[in-house]
Amino acid sequence: MHYPASELVIDPLLIRKYDVGGPRYTSYPTADRFVEAFSEPQLRDSLARRNVGGFSQPLSLYVHLPFCNTICYYCACNKVVTRDKSQSAKYIKYLDKELALLAPLLGGERALHELHWGGGTPNFLAGDEMAALVHAIEARLGRAPRSQYSIEIDPRSAEPGMMNLLGDLGFDAAVQKAVHRVQSVETTARVIDEARASGFRSVNLDLIYGLPKQTLDSFSRTLDEVLRLAPDRVALYNYAHLPKLFKPQRRIVDAELPSAEVKLELMTLAIGRLTRAGYLYIGMDHFARPEDELAQVQSRGGLARSFQGYSTHAGDLLGLGMSAIGQVGAAYYQNVKELAGYYAALDAGRLPVLRGLALGADDLVRRAVIQALMCNFRVSLEAIELAHLIEFRHYFAPELRDLRRLADDGLVELGPEWITVTPRGRLLVRAICMVFDRHLREARERASYSRVI
């Protein structure tokens, strides 16, 4: 059976049953499988193969801008906390150095279909630095027609006029990182209003549930304000408390965190409020208005998933800056994670690659299955067979046996031609995808992930 993409059923009993640690599948294999044996020579080889046969995939670029004025205790991003504004001027020069090394290796089509600035806090940069960086990128790569530029904005440090500048530079999606900070509704509203007045096509708000001292009443009031602001998209993230991995989280008092039961109630409250307000469930933690491009592309079966989350464009993704992750054809790579190492590599004339992974045939077929489930909530057995020259039921016999248990619980339907995630299983799509994760099967005891919900 084919269900409407946005249809969703919340089943607390099933959520409790399948609430286990698991990847978010912004890639397959996941980044914890990357190896340092994949370095600059392997990336150069992958880039050289982009244009084999005269055809290259559409190109996107992620730029990591790591600087923040202050630290947010819940944050697990790779960041540099500083009030020294001169650091960003130096960093931009090194980003251009990296671009100068990358651009000649691309071959074929190099115009950008998507550009995303993440962090850190990208608007740590001064206006003239933002302009210089956009101009440097477009001078090296160019911009494709109907491309999409997006940026993560901290409204607390977005001075009046910044959104107009970003609109002039070509940005058309504002992403507001983490509502739950010391930040007034008025500040957020001002930035959103300025973004829309500057021609931004889509505004997204990020919400986090499960934070310290958060209650149903306080989160309901937050949702009141979010719905009043009427963003085009909402990302609803579960706070993952992993203080052993992320030092800033050690400042959070465990006893002040909501219980698992309260977290489930917070999530249920948010989903109910958003869907009743007309937002469509895209997948994982994402919601969008029906007229938003993300919802429109999903309805046409064209949604993609990458390290930037859900995307309207499939293809190659370059990662620029310290710790940035990219995907080129059948390979992933990640840059060095510290500023000193990043600068040293570029000063030596080397691409700052720390690690990566060249995908084998098994990785590629599993990636295709997981991508289809994550983006479309169903996978065509015949399509996988034709694209990868396998007999699906034989190749995935162990996985299909495991899926029967999930089918018995109503999470999936196993038909003769399709595997379909039911509305009851959509919030648990990660658990369904984990069945196809060979690496997870082999190393389950060593994996550390946030929980499914």
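Gln 327 touches Phe 307, Gly 315, Asp 316, Leu 317, Tyr 332, Tyr 333 and Arg 367, leaving aside residues up to four places away in sequence; contact here means heavy atoms within 4.5 Å. The residue sits in strand E14 (residues 325–328). Helices (H or I, at least four residues) and strands (E, at least two) are DSSP runs, numbered from the N terminus. With a relative accessible area of 13%, Gln 327 is buried, where buried means under 20% relative accessible area, exposed over 50% and partly exposed in between (1.4 Å probe, protein chains only).

A word on what you are looking at: this is a predicted model, in which local features need pLDDT of at least 70 and side-chain atom pairs count only at pLDDT 80 or more, while totals for chains, interfaces and linings use all residues. Residues are numbered from 1 along each chain as its sequence is written, and side-chain values use heavy atoms, with hydrogens and water left out.

Now to the helix pairs. Axes are lines fitted to C-alpha atoms, for helices over the stretch in contact, and angles run from 0 to 180 degrees between N-to-C directions.

| Helix pair | Axis distance | Crossing angle |
|---|---|---|
| H3 (residues 86–106) and H4 (residues 127–141) | within 9 Å | roughly 10 degrees |
| H7 (residues 216–229) and H8 (residues 260–276) | 10 Å | about 25 degrees |
| H6 and H7 | within 11 Å | roughly 20 degrees |

The axes of H3 and H4 cross at roughly 10 degrees, which makes H3 roughly parallel to H4. On this scale, angles under 35 degrees count as roughly parallel, over 145 as roughly antiparallel, 65 to 115 as roughly perpendicular and the rest as oblique. The H3 side of the contact includes Ile 92, Leu 95 and Leu 99, and the H4 side includes Leu 133, Ile 137 and Leu 141. By class, this contact has 11 nonpolar, one polar and three charged residues. Ala, Val, Leu, Ile, Met, Phe, Trp, Tyr, Cys and Pro count as nonpolar, Asp, Glu, Lys and Arg as charged, and the others, Gly among them, as polar.

H4 itself has 15 residues and reaches 21 Å from its first C-alpha to its last, close to the 21 Å expected at 1.5 Å a residue; the expected span is 1.5 Å times one less than the number of residues. Among its buried residues are Met 130, Leu 133, Val 134 and Ile 137. Just after H4, Gly 142 takes a positive phi of about 85 degrees.

Back in H3 you will find Lys 93, which counts as exposed at 61% relative accessibility. Its C-alpha lies 18 Å from that of Gly 120, 27 residues apart along the chain.

H7 takes part in two of the tabulated pairs. Its crossing with H8 is right-handed, and so is its crossing with H6; a crossing is right-handed if the near helix is turned clockwise from the far one by less than a right angle, and left-handed if anticlockwise. Towards H8, residues of H7 including Leu 216, Phe 219 and Leu 223 meet H8 residues including Leu 266, Leu 269 and Leu 274. That contact divides into eight nonpolar, one polar and three charged residues. Towards H6, Glu 225, Arg 228 and Leu 229 of H7 meet Val 185, Thr 188, Ala 189, Ile 192 and Arg 196, giving four nonpolar, one polar and three charged residues.

Finally, the buried residues of H6 are Thr 188, Ala 189, Val 191, Ile 192, Glu 194 and Ala 195. Just after H6, Gly 199 takes a positive phi of about 95 degrees.
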